[in-house]
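Let's walk through this structure together, one step at a time. Have the sequence and the 3D view open beside you as you read.

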Amino acid sequence: MSLFAVEQLGISFGGLRAVDQISFEVEAGEVFTIIGPNGAGKTTTFNLVSRIYDPTDGRITFDGEDITRVPPHRIAGMGIARTFQNIELFDNATVLANLLLGRHAHASTGVVSNMLFLPHVRRAEIAHREKVEEVIDFLDLQAYRETLVSGLPYGVRKVVELGRALASEPKLLLLDEPSSGLNTEETDDMAFWIGDIQKDLGITVLMIEHDMNLVGRVSDRVLALNYGRAIAMGTPDEVQSHPEVVKAYLGG
Amino acid sequence: MEGLQQFAQQVVSGTAIGCVYALVALGFVLIYKATEVVNFAQGELMMIGAFLAYTLIVIFGFNFWIGAAIAIVFTALFGAGVERVVMRPMVGQPVFAIIMVTIGLGFLARSIVSMIPGWGVDTYSIETPFYGKVVEVGGLVLSQDHMAVIVLTMALVAVLYLFFRYTRLGVAMQATSQNQLAAYYMGIPVKTVFSMIWGISAGVAAFAGLLLAPIAFVHVNMGFLGIRAFPAAVLGGFGSIPGAIVGGLIIGIVEALAGFYLPEGFKDVAPYVILLIVLIVKPEGLFGTTTRKKV
Amino acid sequence: MRFIFKTDYNQDIRLFKHGGAVFWYALLIVALIAAPLVLDRYLMSQATFVFIYAIAGIGLMLLSGYTGQISLGHAAFFAVGSYTEAILLEKGFPFLLSLPISGLLAGAVGVVIGLPALRLAGIYLAIATLAFAFIVEEILARWESVTNGTLGMLVEPINIFGVELFREWHLYYVCLAVLVLVVLGAVNLLRSPTGRAMIAIRDSEIAAQSMGVNLAKYKTIAFAISAAVTGLAGALYAHRLGYISPEAYTILLSVEFLLLIVVGGLGSIHGAVFGAIFVIVLPQIVSILKGYMPSQIAEQTGIDAGIFGLVIVLFMLYEPLGLYGRWVKIKLYFSTFPMYRKATFKRQKSYTKTERLR
């Protein structure tokens, strides 16, 4: 029984089949990468998984549960966290506040007790803070705790967003182009972190990536999409040399 | 039969006032589409246009049409000037701050107009060529003023449509409102276009003021009508020009009918009740489209 | 420059970040408590107005400044608070019961208007709240059996356990106490999950949702709290006026509240208080300035509104971060002297930034 599976997943925007009959399974503990040319339906697949879009057909299962119709805000609580292609952070809040928001799925205190800041709220806050500090240590964000996100360079924001996702203690981490906009050095760091996330934290990773070097370094298995359809699946090397994939990238 | 006639009469006068709402709403929509600013001073632009026309036509004794044309041109220039001096430095600021600026401008405009000798806080009227005349259509007695408003509004909308559809400048403005950055890269002078859109919008507002003058009066607070044109713009979907027209007409007619058939008080709130109902059922307005941020 | 060495997670969630802050806030409270000894009746009444506006400002700030939902209809919640208070007191309710009920009822109305608002954003929401405010204004004027219509209602004085509090300084202390409680509640909210969820909704709805924030729930909460706090302010306002009628609760009041939070500084509780001081003090300054103007100008009726408008425009053009932003800059200037860089707070301007999509 795999951790995460999509079966015959599909969505249409008007007449366009953005995602068409895609099926794949992600085993617990692996790094599974989706590649494909622009407009292949990769981010749409992510948006379907994190329930921002409603699929027109197909099924999504996670951890033995059907999540095809689960409301989007419950996804994080079930153990799926994500990052975004163009970074969706809370710009006018500090890094610390952003990471603490990552703990929201675990927040159980009520509004009234929040307003009174009762002792159990304080205890919960300190517990959240401890978890967040672990993430800060893991990603070397110590220097930026109190900085507003709007004042951070792009590369750091990317890491903060990764941190926010990690703070929610996910079982499955969705990374939408983790290396986009990063320089070689930062991409290297990202590769190490993804490796550590898989090995040390034991989190399953599902990612979209264009940088084939990074894909080859970290992925266990790769799925290639084109025009919303799956065209190849296998190890990074197998997929890269697959004739359909070569054709999709080089045209023809 | 009499009841039906009364009904038709109300619909016509509602349509006339609705045309004015539609034009003010059109002004909102033009500016919003291009610059994402909601101009809360749109009603005041209308008021300034009406006062200019009053000054030219009544005080200086110009011919109605010439006076009206000059008033529209000057209001348009004024609108463009406001964009250049006040709004342009605000580009990139939060929408909140920009809305507050336009509210502030509205206060300022009312205050200044009320202090200008010869204008002040009194009410004035402008004699139009149609004043007091009526036409009879199939047993309906319709005032020419109302008919003129409807015909002139249709004419203006047609002119605007042709302008946006077929002229280079109009197409450039449309492009700018769809994607500022892309328009900029294609060599459209985005900043100048913004000024022009404010100018056009102010001109349309002045036109609305002229149309309103014979139905209502010229007064320093006539700009508050702008607040009633908001529901019109939102009803139509705020980004849609045909939507603004239809929204204006709906509000005008509903208001007239509510004023005639329902107890006192309903006339004033009817547009807002309609607005809330429409928004609950269809949050993007009648003609709006939902757009979602891509992530 | 002050460096704070943190040794404990608790330190970050404390109300006061360092001992100096405790000292200054304590001093402020003592000064406010002692103030009635030296203030004359007029100044005291102005201070009471500042407290009331600050409470309402915090209410609106939570919704607009922190959750990012624009409201042009807060005068309506304010009015609901005022009228509930007046009506309940007339029916013989004790003040300690009527005040919270006024807040709760305004909060309930907030939920009702918040429900359609869940699907609305930006300008649609602003106009919907505006529409709602007009409807409430009309109801106040027309529902004569309850509100006494345009004639208005007398508000009975505050009565706590049989003691009538009718003097100026009584109300001063009541309002101060409510303000302090509201500030504490708001600050607590903001350092807890609820407040963070609100800020998250303001900055990115999609990300907030993906991290587990139930948008509908938290927007409704924000509306409810905001309306309730504004309703409390409205109830106190009724006492301050002693006599209420619908024309006190027009769109102009909503604009004034909006001005308050924008001038004060969006997204800060300090801002709400600074803004309240500004909104109350501005007319005083205008009337002083009038003394120096030629009488032809000073006697014009439109001059007050004109200066009001001019101040808004100039403020937005030159200090869009509000009074609180200015305060932070001045503090930073002195604490980093002579290293302060003028561009520290400069915002990046952009062509493409759109708020149509969220």
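Before we look at a pair of helices, we need a way to describe how they lie: axes are lines fitted to C-alpha atoms, for helices over the stretch in contact, and angles run from 0 to 180 degrees between N-to-C directions. Two packed helices are described by the angle between their axes and the distance between the axes. This is a predicted model, in which local features need pLDDT of at least 70 and side-chain atom pairs count only at pLDDT 80 or more, while totals for chains, interfaces and linings use all residues. Residues are numbered from 1 along each chain as its sequence is written, and chains are lettered from A and ligands numbered from 1 in the order in which they are written.

Now find helix H8 (residues 168–190) and helix H11 (residues 215–241) of chain C, which pack at an angle of about 175 degrees with their axes 11 Å apart. Helices and strands here are DSSP runs, numbered from the N terminus (H or I, at least four residues, for helices; E, at least two, for strands). Angles over 145 degrees count as roughly antiparallel, and therefore H8(C) and H11(C) are roughly antiparallel to each other. On H8(C), the contact involves C:Leu171, C:Val174, C:Cys175, C:Val178 and C:Val182, and on H11(C) it involves C:Val229, C:Leu232, C:Leu236, C:His239 and C:Arg240. Two residues are in contact if their C-beta atoms, placed from the backbone, lie within 7 Å. Sorted by class, this contact has eight nonpolar, one polar and one charged residues. Nonpolar covers Ala, Val, Leu, Ile, Met, Phe, Trp, Tyr, Cys and Pro; charged covers Asp, Glu, Lys and Arg; the others, Gly among them, are polar.

Let's step out to the neighbours of chain C. Here 47 residues of chain C are in contact with 47 residues of chain B. On the chain C side, H6(C) gives the most, with 11 residues. By class, that side has 30 nonpolar, eight polar and nine charged residues.

What does chain C share with chain A? That contact takes 36 residues from chain A and 26 residues from chain C. The largest share of the chain A side, six residues, comes from H5(A). The residues of that side divide into 19 nonpolar, nine polar and eight charged.

Finally, look at chain A as a whole, with its 10 helices and 10 strands. Its C-alpha atoms fill a box of roughly 65 × 40 × 35 Å, taken along the principal axes.

Note on methods
Angles under 35 degrees count as roughly parallel, over 145 as roughly antiparallel, 65 to 115 as roughly perpendicular and the rest as oblique.
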